[in-house]
Amino acid sequence: PADIDLAVTTGLGYPAGPLAWGERVGAARVLELQRSLHATTGDPRHRPTRWITERAALGLALTDPGTSPEDCLG
């Protein structure tokens, strides 16, 4: 998570990376926003992933240890 956020803040100049921002607003809010964007635009880039859907359903933070996408692959 830290590497992703560093890449976004450094490379794109954003004030916060996606995971840091997601931590602030919470997984449930991120999921709600993605669902709304997908429903409004129909753009598949905004379709929520299984990972964020599960985090929101379980009430887990986006950066909790053991909850990264890599952990789900192993």
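This is a predicted model: local features need pLDDT of at least 70, side-chain atom pairs count only at pLDDT 80 or more; totals for chains, interfaces and linings use all residues.
Student: What percentage of the residues is buried?

Tutor: Of the 74 residues in the chain, 23% are buried.

Student: And what share of the contacts comes from residues 24 or more positions apart?

Tutor: Among contacts with a separation of 6 or more, residues 24 or more positions apart account for 25%.

Student: Let us turn to the helix pairs. At what angle do the axes of H1 and H2 cross?

Tutor: Helix H1 covers residues 2-12 and helix H2 covers residues 18-25; their axes cross at roughly 110 degrees and come within 7 Å. H1 and H2 are therefore roughly perpendicular to each other.

Student: Which residues make that contact?

Tutor: H1 contributes Ile4, Asp5 and Val8, while H2 contributes Pro18, Leu19 and Ala20. By class, the contact of H1 with H2 holds five nonpolar residues, no polar ones and one charged.

Student: How far apart are the axes of H2 and H3?

Tutor: The axes of H2 and H3 are 6 Å apart, and the two helices pack at an angle of about 110 degrees. That makes H2 roughly perpendicular to H3.

Student: Which residues of H2 and H3 meet?

Tutor: On the H2 side they are Trp21, Gly22 and Val25; on the H3 side they are Ala27, Arg29, Val30 and Leu33. The contact of H2 with H3 divides into five nonpolar, one polar and one charged.

Student: Leu33 is on that list. Where does it lie, and is it exposed, partly exposed or buried?

Tutor: Leu33 lies in helix H3. Leu33 counts as partly exposed because its relative accessibility is 28%.

Student: Now H3 and H4. What is their geometry?

Tutor: Helix H3 spans residues 27-41 and helix H4 spans residues 50-58; their axes come within 8 Å and cross at roughly 135 degrees. H3 and H4 are therefore oblique to each other.

Student: Is the crossing left-handed or right-handed?

Tutor: H3 passes H4 in a left-handed crossing. Ala27, Ala28, Val30, Leu31, Gln34 and Arg35 of H3 make the contact with Ile52, Thr53, Arg55 and Ala56 of H4. Six of the residues in the contact of H3 with H4 are nonpolar, two are polar and two are charged.

Student: Which residues does Ala56 touch?

Tutor: Leaving aside residues up to four places away in sequence, Ala56 touches Ala27, Ala28 and Leu31.

Student: What lies in the loop between H3 and H4?

Tutor: Thr49 is one of the residues found there. With a relative accessible area of 44%, Thr49 is partly exposed. From Thr49 to Gln34 the distance is 9.2 Å, C-alpha to C-alpha, and the two are 15 residues apart in sequence.

Student: Last topic: which residues form the largest nonpolar core?

Tutor: The largest nonpolar core has eight residues, namely Leu19, Ala27, Val30, Leu31, Trp51, Ile52, Ala56 and Leu62.

Student: Which elements give two or more residues to this core?

Tutor: Those elements are H3 and H4.

Terms used:
Residues are numbered from 1 along each chain as its sequence is written. Side-chain values use heavy atoms; hydrogens and water are left out. Axes are lines fitted to C-alpha atoms, for helices over the stretch in contact, and angles run from 0 to 180 degrees between N-to-C directions. Helices (H or I, at least four residues) and strands (E, at least two) are DSSP runs, numbered from the N terminus. Angles under 35 degrees count as roughly parallel, over 145 as roughly antiparallel, 65 to 115 as roughly perpendicular and the rest as oblique. A crossing is left-handed if the near helix is turned anticlockwise from the far one by less than a right angle, and right-handed if clockwise. Contact means heavy atoms within 4.5 Å. Ala, Val, Leu, Ile, Met, Phe, Trp, Tyr, Cys and Pro count as nonpolar, Asp, Glu, Lys and Arg as charged, and the others, Gly among them, as polar. Buried means under 20% relative accessible area, exposed over 50%, partly exposed in between (1.4 Å probe, protein chains only). A nonpolar core is a set of buried Ala, Val, Leu, Ile, Met, Phe, Trp, Tyr and Cys residues joined through side-chain atoms within 4.5 Å.
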